[in-house]
Structures are given as structure tokens and as C-alpha cells.
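Let us walk through this structure step by step. Keep the sequence and the 3D view side by side.

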Amino acid sequence: MPSHPLRVAVVCSSNQNRSMEAHNILSKRGFDVRSFGTGSHVKLPGPAPDKPNVYDFKTSYEQMYNDLVRKDKELYTQNGILHMLDRNKRIKLKPERFQNCKDKFDLVITCEERVYDQVLEDLSSREQETLQPVHVINVDIQDNHEEATLGAFLICELCQCVSVFKQE
């Protein structure tokens with residue numbers, strides 16, 4: 001049994017940086033956590049702002065990693081994308097879309113307002129089965145490595161507080 005019975009989902013747009021950093025920290029702290037994206041595709045920075053690398057959600061982190069090494073290993077090492085993908089592939093096989101998951105969560109934490117709106121839209125369109133409440137909280141986190149790390153610790157602190165109240 002996990003040390004925290006709270007079931008948590010962390011959601012960003014592409015299930016790459018912010019949600020995966022929080023997934024990593026929360027799982028190390030014993031939380032029952034999953035992470036997701038809400039976008040139609042997975043987008044990673046490319047050689048220019050108008051040229052992102054776009055992948056299907058079925059593409060594994062390993063495949064993305066190998067593709068970027070093949071395209072420009074130096075660029076993607078320097079900007080931290082290969083390091084991020086290396087972390088991601090140690091946590092799970094591939095990114096997942098929140099809209100495709102029907103698991104039940106006690107708490108869904110989003111990492112930006114647009115993603116929060118997408119999660120609420122998806123949840124409100126679902127057929128009610130259990131009538132179990134779910135709390136959806138947005139923690140705005142800029143999509144860069146440093147802010148993702150800081151945001152992950154804030155999310156962890158939030159989950160620890162909620163977990164204490166759930167156990168009482």
C-alpha cells in the first residue's frame with residue numbers, strides 16, 4: 001500500500017517537462033501518481049521557435065530521444081531536452097493523454113490555465129459513473145526546466161497537505 005492513499009494526476013500540455021518532473025518527485029515521495037498531457041500532439045522545442053519537433057502520443061520517450069540524437073545531438077543536449085527525455089523514459093514508457101484515461105483520481109493538478117480548462121471540459125463531458133468528487137487545481141508553471149523543478153516541489157507540498165486532510 002502506498003504511503004499516501006491520495007490518487008493524483010499531474011497534467012501539462014505534452015506530458016514532457018512539468019507534469020513529468022512532478023510525477024518524478026511525487027512518486028519518490030510515495031504518492032500514487034500518474035502524469036498526462038492534454039494536447040493533440042506532443043511538442044518539443046526544435047531548432048527554431050517556429051519549428052518544433054512534433055510526435056504522436058504513441059511515440060515512446062526512447063524513440064523521441066533517438067530521433068533528436070539523430071537530428072542534432074549537440075543542440076538537444078545543450079538545451080536539456082535529451083536529459084529530460086532520459087528522465088522521462090525512466091519513469092514510464094511514453095506520454096499519455098488525459099482525455100484517454102478513465103481512471104479515477106482524488107486530485108488533478110494542472111500546470112497552466114489552458115490545460116486546466118481542457119481538463120475541466122473533458123471531465124464535464126464524461127458520463128458520471130461513481131459520483132466520486134475530484135478536485136482540480138491549477139498551479140501555473142512556466143515551461144522551462146528550472147520552473148518545472150520548483151513547481152514540482154510546490155505540487156508535492158500541496159499533495160502532502162491534501163493527503164493529511166484526506167487521512168483525517
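Which residues is Ile 109 in contact with, leaving aside its neighbours within four places in sequence? Contact here means heavy atoms within 4.5 Å. The partners are Val 8, Ala 9, Val 10, Val 11, Ile 137, Val 139, Ile 155, Leu 158 and Cys 159.

A word on the source: this is a predicted model, where local features need pLDDT of at least 70, side-chain atom pairs count only at pLDDT 80 or more, and totals for chains, interfaces and linings use all residues. Residues are numbered from 1 along each chain as its sequence is written, and side-chain values use heavy atoms, with hydrogens and water left out.

Now the largest nonpolar core. It has 18 residues. Such a core is a set of buried Ala, Val, Leu, Ile, Met, Phe, Trp, Tyr and Cys residues joined through side-chain atoms within 4.5 Å. Buried means under 20% relative accessible area (1.4 Å probe, protein chains only). Ile 109 is among the residues with the most contacts inside this core, and so are Val 8 and Phe 31. Elements giving it two or more residues include β1 (4-12) and α5 (145-167). Helices (H or I, at least four residues) and strands (E, at least two) are DSSP runs, numbered from the N terminus. Apart from this core lies another, of 13 residues, including Tyr 55 and Met 84.

Next, find Ile 81 in helix α3 (residues 81-91). Ile 81 is buried, because its relative accessible area is 4%. Beyond four places in sequence, Ile 81 touches Leu 44, Pro 45, Leu 68, Tyr 76 and His 145.

Finally, Asn 15 sits in the loop between β1 and α1. Asn 15 is not a glycine, yet its phi is positive, about 55 degrees.

How values were computed
Buried < 20%, exposed > 50% of the residue type's maximum accessible area, 1.4 Å probe, protein only.
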